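Me: Hi! Could you walk me through a few features of the structure below, one question at a time?
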Amino acid sequence: MFICQVTGGSSGIGKCVAITAARNGAHVTIIARDVQKLEVAKNEIIRACKNKDTQKVEYLSLDISQDYNAVEKALSDLEKTMGPIYMLVNCAGTAICGKIEDTSVADLKKMIDINFMGSYYCIKAVVQKMKSSQEGIIVLTSSQAALLGIFGYSAYCSTKFALRGLAESISMELAPYNISVTLSLPPDTDTPGFATEGLSKPLETKLISETSALVSPEVVANKLFKDALAGKFFSTVGTEGFMLTVLCCGMSPFSSIKELLVQSMLMGVFRLVSACYLVHFQKIIRNCMKTRDRNKKSE
């Protein structure tokens, strides 16, 4: 039985990961800011526990994005009551859409703080103890938007690309200590955050998003948890996610010789397929521009 700590654990993918961990017998701590949502999520997680009499489920109300010293102290205090953290799952994140000229500096900073700094702070706070114990799993929940730039996501994509760089770097740093790193790359997922994100999406972004199906957070969470336990670096859902990781694997870690050979054989073919997607996306953008121009002329 191990300790699983999940940031952004009061809703969406984070809550589903916590429930999955509880079903697999883990002790679980969820971290978020809203106490009411945390209490509701805690009760759901308790009901999902494999061994209700022995498993521990706790929550912590904490803003992980602002003050590293506060994060370090809070996580250290948690370990005193819950035990050493074996699996850290970073799910806290937010998306605010808009073209670069329409994105406020305040919104950019908010996404950098929550999407990137929050994960960085939590990892920094726990990694030394993981290295001392010579075991652990760290998961960073990024997005398929970490592998391609998308219209209307200039700020969001930037923060998610940054998480990939962080994941690759710490994977190299921590491998000698038997600590694995998994980068989860979910597609559009049916969460409260996705619904909020839709309020700020430009038309082009909405139409590009609609070319892919919406996935349930349970599917993403189950795959994330399974891949993390298996020590895989990339965790994806669906054919498009697989194609993107093959196209963009570059100098990323690989889990097996088989995976390396598959990536090597498919990369060229997938590049041709991806070109078709890009042409289609550009067509959507041009059509939206033409529609706006016609509307302006008719006014």
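This is a predicted model: local features need pLDDT of at least 70, side-chain atom pairs count only at pLDDT 80 or more; totals for chains, interfaces and linings use all residues.

Me: In which helix is alanine 22, and is alanine 22 buried or exposed?
Reply: Helices are DSSP runs of H or I with at least four residues, strands are runs of E with at least two, and both are numbered from the N terminus. By that rule alanine 22 belongs to α1, residues 12-23. Buried means under 20% relative accessible area, exposed over 50% and partly exposed in between, using a 1.4 Å probe and protein chains only. Alanine 22 has a relative accessible area of 0%, so the word is buried.

Me: How do α4 and α5 lie relative to each other: roughly parallel or roughly antiparallel?
Reply: Axes are lines fitted to C-alpha atoms, for helices over the stretch in contact, with angles from 0 to 180 degrees between N-to-C directions. The axes of α4 (residues 105-133) and α5 (residues 154-174) come within 9 Å and cross at roughly 10 degrees. Angles under 35 degrees count as roughly parallel, over 145 as roughly antiparallel, 65 to 115 as roughly perpendicular and the rest as oblique. Therefore α4 and α5 are roughly parallel.

Me: How many disulfides does a search of the whole structure find?
Reply: A disulfide needs a pair of cysteine sulfur atoms within 2.5 Å. Searching the whole structure gives a count of 0.

Me: How far from cysteine 97 is the nearest cysteine sulfur?
Reply: Cysteine 97 counts as buried, at 7% relative accessibility. Cysteine 97 takes part in no disulfide, and its nearest cysteine sulfur belongs to cysteine 157, at 9.4 Å.

Me: What distance separates the C-alpha atoms of serine 235 and threonine 159?
Reply: Serine 235 sits in strand β7, residues 234-235, and is buried, with a relative accessible area of 3%. Along the chain, serine 235 and threonine 159 are 76 residues apart, and their C-alpha atoms are separated by 18 Å.

Key. Residues are numbered from 1 along each chain as its sequence is written. Side-chain values use heavy atoms; hydrogens and water are left out.
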